[in-house]
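Subject: A structure for you to look at

Hello,

I am passing on a structure that you have not worked with before. Please open it alongside this note, and then read on for what turned up in it.

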Amino acid sequence: MKVTCPTCQTELEWGPQSPYRPFCSKRCQLIDLGEWAEEQKTIPCGPSNDAETQLPDIEDIEAMLAQQGDEFFKQ
C-alpha cells in the first residue's frame, strides 16, 4: 500500500521497509514532532471550562489555614 508522507508529501510504501511510517524519513518525523511541540498542530476540542473555574482568593486560603491546629502544619 502506498501512502504520502504528511511532512513532505513523498510517496512511500507502507510496510516494514519504511521504519518511520507514515513519514518517509527520521527528518520528516522530527519536523512533525517539532510542530506539535511548538503547538503549531493541535487536536480540536470543545471549549475549556478553565475560565469558569474560580480559584480561591489568598484571603480565603489564609483564613482556612488560620483555623487549622498546629498538628496540621507538622504533617
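A word on terms before the tour: a residue is called buried under 20% relative accessible area, exposed over 50%, and partly exposed in between, using a 1.4 Å probe and protein chains only. The areas themselves come from the Shrake-Rupley method with a 1.4 Å probe, and for residues only the protein chains shown count as cover. Please keep in mind that this is a predicted model, in which local features need pLDDT of at least 70 and side-chain atom pairs count only at pLDDT 80 or more, while totals for chains, interfaces and linings use all residues. Residues are numbered from 1 along each chain as its sequence is written, and side-chain values use heavy atoms, with hydrogens and water left out.

Let me start with the backbone. Gln9 is exposed, at 52% relative accessibility, and is found in the loop between β1 and β2. Although Gln9 is not a glycine, its phi is positive, about 70 degrees. Element names such as these follow DSSP runs numbered from the N terminus: helices are H or I with at least four residues, and strands are E with at least two.

Glu39 also has a positive phi, near 60 degrees, and is a residue other than glycine. Glu39 follows helix α1 and lies in the loop between α1 and α2. With 64% relative accessibility, Glu39 counts as exposed. As background, most residues other than glycine have a negative phi, and most peptide bonds are trans.

The peptide bond from Arg21 to Pro22 is cis, with omega near 10 degrees. Pro22 sits in the loop between β2 and α1 and is partly exposed, at 31% relative accessibility. From Pro22 to Ile43 there are 21 residues in sequence and 18 Å in space, C-alpha to C-alpha.

Helix α1 itself covers residues 26-37, which is 12 residues. From its first C-alpha to its last, α1 reaches 16 Å, close to the 16 Å expected at 1.5 Å a residue. That expected span is 1.5 Å times one less than the number of residues in the helix.

Next, the charges. How many salt bridges does the structure hold? There are 3, where a salt bridge is a side-chain nitrogen of Lys or Arg within 4 Å of a carboxyl oxygen of Asp or Glu. In general, side chains of opposite charge can pair when their charged atoms come close.

Glu13 is partly exposed, with a relative accessible area of 28%, whereas Lys2 is exposed, at 53%.

Lys41 takes part in a salt bridge with Asp32, at 2.3 Å from N to O, and in another with Glu35, at 3.2 Å from N to O. Through these shared partners, Asp32, Glu35 and Lys41 form one network. Asp32 is buried, with a relative accessible area of 10%. Lys41 is partly exposed at 28%, and Glu35 is partly exposed at 23%.

Finally, the surface patches. These are made of residues with over 30% relative accessible area and no salt bridge; like charges are joined within 9 Å, and nonpolar side chains (Val, Leu, Ile, Met, Phe, Trp, Tyr) within 5 Å. Asp57, Glu59, Asp60 and Glu62 form a negative patch, and Glu62 is found in helix α2 (residues 58-66). Here Lys and Arg count as positive and Asp and Glu as negative, without His or the chain ends, and the place of a charge is NZ of Lys, CZ of Arg, CG of Asp or CD of Glu.

A nonpolar patch of about 540 Å² is made by Ile58, Ile61, Met64, Leu65, Phe72 and Phe73. Helices α2 and α3 (70-73) are the elements that give two or more residues to the nonpolar patch, and α2 gives the most, with 4 residues. Ile61 has its place in helix α2 and is partly exposed, with a relative accessible area of 31%.

Enjoy exploring it!

Best wishes
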